[in-house]
Amino acid sequence: MDELDSAIIRNLQLDARLTNRELARRLGIAPSTCLERVRALRDRGVIKGYHADVDPVALNRPVQAFVAARLRPMSRAVIDNFKAAIGALPEVTAMYVVAGDDDFLIHLAVPDLEHLHAFLIDRLSERREVISFRSSVIYESIRNPVLTELPR
């Protein structure tokens, strides 16, 4: 990636709704050049998609938590089945397979603490492969909206 690609990525991360014409104007390049560069970034998989950043509170999900879970027996089938089952639940906003003491880190967004408790008891602890889990309620979320390339 060169400086122009980085500038395109930075601008689109801040506002993915920019028109090609406006993006080109901000970068000081021709719209045709801009369009070609954005297409190349998509084709290379650098730009994976576009989305709307929605406030969870507006969707009746003011309580967020991380749940760390451990599974046994450890096998690809167990991991794949767990990912499919838990990832499909509406409370789950993201799920990560991690290394270390835990096997999964699950991000939940729910209406209240009662729903969080119900998720842990009714959805997670009922699964035979889950040998332990612990939850951490998120008080505040801070996210960097722009990822930049790090030096190699």
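Guide: A residue counts as buried under 20% relative accessible area, as exposed over 50% and as partly exposed in between, with a 1.4 Å probe and protein chains only. This is a predicted model, in which local features need pLDDT of at least 70, side-chain atom pairs count only at pLDDT 80 or more, and totals for chains, interfaces and linings use all residues. Residues are numbered from 1 along each chain as its sequence is written, and side-chain values use heavy atoms, with hydrogens and water left out.

Visitor: In which order do the four strands of the open sheet stand?

Guide: Helices (H or I, at least four residues) and strands (E, at least two) are DSSP runs, numbered from the N terminus. Two strands pair if DSSP finds at least two bridges between them. The pairing in this open sheet is antiparallel, and the order of its four strands is E2-E3-E1-E4.

Visitor: Which strands stand at the edges?

Guide: An edge strand here has a single partner strand, so one side of it is left without a neighbour in the sheet. This holds for two strands, E2 (92–97) and E4.

Visitor: By how many degrees are neighbouring strands of this sheet turned against each other on average?

Guide: Axes are lines fitted to C-alpha atoms, for helices over the stretch in contact, and angles run from 0 to 180 degrees between N-to-C directions. For this average over neighbouring strands, direction is ignored. The turn is 20°.

Visitor: Over how many bridges do E1 and E3 pair?

Guide: In E3, Val 110 is the bridge partner of Val 63. On the E2 side, E3 (residues 104–110) pairs over five bridges, with Val 92 opposite Leu 108 and Tyr 96 opposite Leu 105. Between E1 and E3, the antiparallel pairing has seven bridges.

Visitor: Which residue in the turn of the hairpin formed by E2 and E3 has a positive phi?

Guide: Six residues lie between the two strands of this hairpin. A positive phi of about 115° belongs to Gly 100.

Visitor: At about what angle does helix H5 run to E4?

Guide: Helix H4 (residues 76–87) lies across E1 (63–71), E2, E3 and E4, at about 165° to E2. Helix H5 (residues 113–124) also lies across E1, E2, E3 and E4. Its angle to E4 is about 165°.

Visitor: Is Glu 91 buried or exposed?

Guide: Glu 91 sits in the loop between H4 and E2. With contact taken as heavy atoms within 4.5 Å, Glu 91 touches residues including Arg 61, His 107, Phe 119 and Arg 123, not counting those up to four places away in sequence. Its relative accessible area is 18%, so Glu 91 is buried.

Visitor: How many salt bridges does the structure hold?

Guide: A salt bridge is a side-chain nitrogen of Lys or Arg within 4 Å of a carboxyl oxygen of Asp or Glu. One of them joins Arg 152 and Glu 149 at 3.0 Å, N to O. In that pair, Arg 152 is exposed at 91% relative accessibility, while Glu 149 is partly exposed at 40%. The structure's total is 12.

Visitor: Which side chain meets Asp 103 in a salt bridge?

Guide: The N to O distance of this salt bridge is 3.2 Å, between Asp 103 and Arg 72. Asp 103 lies in the loop between E2 and E3 and Arg 72 in the loop between E1 and H4, so the pair ties together parts that are 31 residues apart in sequence. Asp 103 is buried at 12% relative accessibility, whereas the residue with 35% is partly exposed: Arg 72.

Visitor: How many residues apart are Arg 143 and Asp 53?

Guide: The side chains of Arg 143 and Asp 53 meet in a salt bridge of 3.8 Å, N to O. Arg 143 is in the segment after E4 and Asp 53 is in the loop between helix H3 (31–43) and E1, so far as sequence goes a separation of 90 residues.
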